[in-house]
Amino acid sequence: MTNKAALADTKIGNTFPLALNKPGKVIVFYDGNCPLCQKEIHHYIRRDHTGQLVWDDISKGTELLDEFGITLDEAMRRFHVIDRAGNVTRGAEAFLALWHALPVYQHLARTVEYLHLTPLLGWAYEHFARRRYRRACQRGFGNSCAIDTKKS
């Protein structure tokens, strides 16, 4: 199996294959069919000036998710990021991995860690993620998150 992902340029949807065997890449999984997810990912993409992040839209396929042993349902329920060391992070830890990879957000990641706010961030994110999944994604082809979660 080829190790490839979709790397988005400044517009989500404009993708090209990128070999992921280069060290130091951070892989960000997101739901490209969810308007809220799109808005947030666009925000982060505009701040990715390092070229060290790979943006993988799980609504276009699960090949890369499969390579890391993440099911589509898991990816729809919680934000996932593969850190520079190749570790799968979920939820609040995934946001910290993303923020550490974006120079403009590194101060926020360090502050959250220094003040031991990760558990609070995790609690808040889990509450939000359950609500998002229940309201938008679980319905399948609704107006918001259009991935058919019955496929996985």
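User: Which residue forms a salt bridge with Arg78, and how far apart are the closest N and O atoms?

Analyst: Side chains of opposite charge can pair when their charged atoms come close. The term salt bridge is used for a side-chain nitrogen of Lys or Arg within 4 Å of a carboxyl oxygen of Asp or Glu. Arg78 meets this with Glu126, the closest N and O atoms being 2.5 Å apart. This is a predicted model, in which local features need pLDDT of at least 70 and side-chain atom pairs count only at pLDDT 80 or more, while totals for chains, interfaces and linings use all residues. Residues are numbered from 1 along each chain as its sequence is written, and side-chain values use heavy atoms, with hydrogens and water left out.

User: Where do Arg78 and Glu126 lie?

Analyst: Helices (H or I, at least four residues) and strands (E, at least two) are DSSP runs, numbered from the N terminus. Arg78 is in the loop between H3 and strand E5 (80-82), and Glu126 is in helix H6, so the pair ties together parts that are 48 residues apart in sequence. Buried means under 20% relative accessible area, exposed over 50%, and partly exposed in between (1.4 Å probe, protein chains only). Arg78 is partly exposed at 27%, and Glu126 is partly exposed at 21%.

User: How many salt bridges does the structure hold?

Analyst: It holds two. Besides the pair above, Asp73 and Arg77 meet through their side chains at 2.9 Å, N to O. Asp73 and Arg77 are four residues apart in helix H3 (residues 72-77), which means that about one helical turn separates them. Asp73 is partly exposed, with 23% relative accessibility, and Arg77 is partly exposed as well, at 33%.

User: Which residues of the largest nonpolar core touch the most other members?

Analyst: In soluble globular proteins, nonpolar side chains tend to be buried together. A nonpolar core is a set of buried Ala, Val, Leu, Ile, Met, Phe, Trp, Tyr and Cys residues joined through side-chain atoms within 4.5 Å. In this structure the largest core has 23 residues, of which Val28, Tyr44, Trp55, Leu98 and Trp99 touch the most other members. The elements giving two or more residues to this core are strand E3 (26-30), helix H1 (35-46), strand E4 (53-57), helix H4 (91-101), H5 and H6. H4 gives the most, with seven residues. Nine of the 11 residues of H4 are buried, among them Phe95, Leu96, Leu98 and Trp99.

User: Which residues form a nonpolar patch on the surface?

Analyst: Patches are made of residues with over 30% relative accessible area and no salt bridge; like charges are joined within 9 Å, and nonpolar side chains (Val, Leu, Ile, Met, Phe, Trp, Tyr) within 5 Å. Areas come from the Shrake-Rupley method with a 1.4 Å probe; for residues, only the protein chains shown count as cover. The nonpolar patch consists of Tyr114, Leu115, Leu117, Leu120 and Trp123, with about 620 Å² of accessible area together. Tyr114 is in helix H5 (residues 106-114) and is exposed at 68%.

User: Which residues form the positive surface patch?

Analyst: Lys and Arg count as positive and Asp and Glu as negative, while His and the chain ends are not counted. The place of a charge is NZ of Lys, CZ of Arg, CG of Asp or CD of Glu. Arg130, Arg131, Arg134 and Arg135 form the positive patch. Arg134 belongs to helix H6 (residues 118-137) and is exposed, at 53%.
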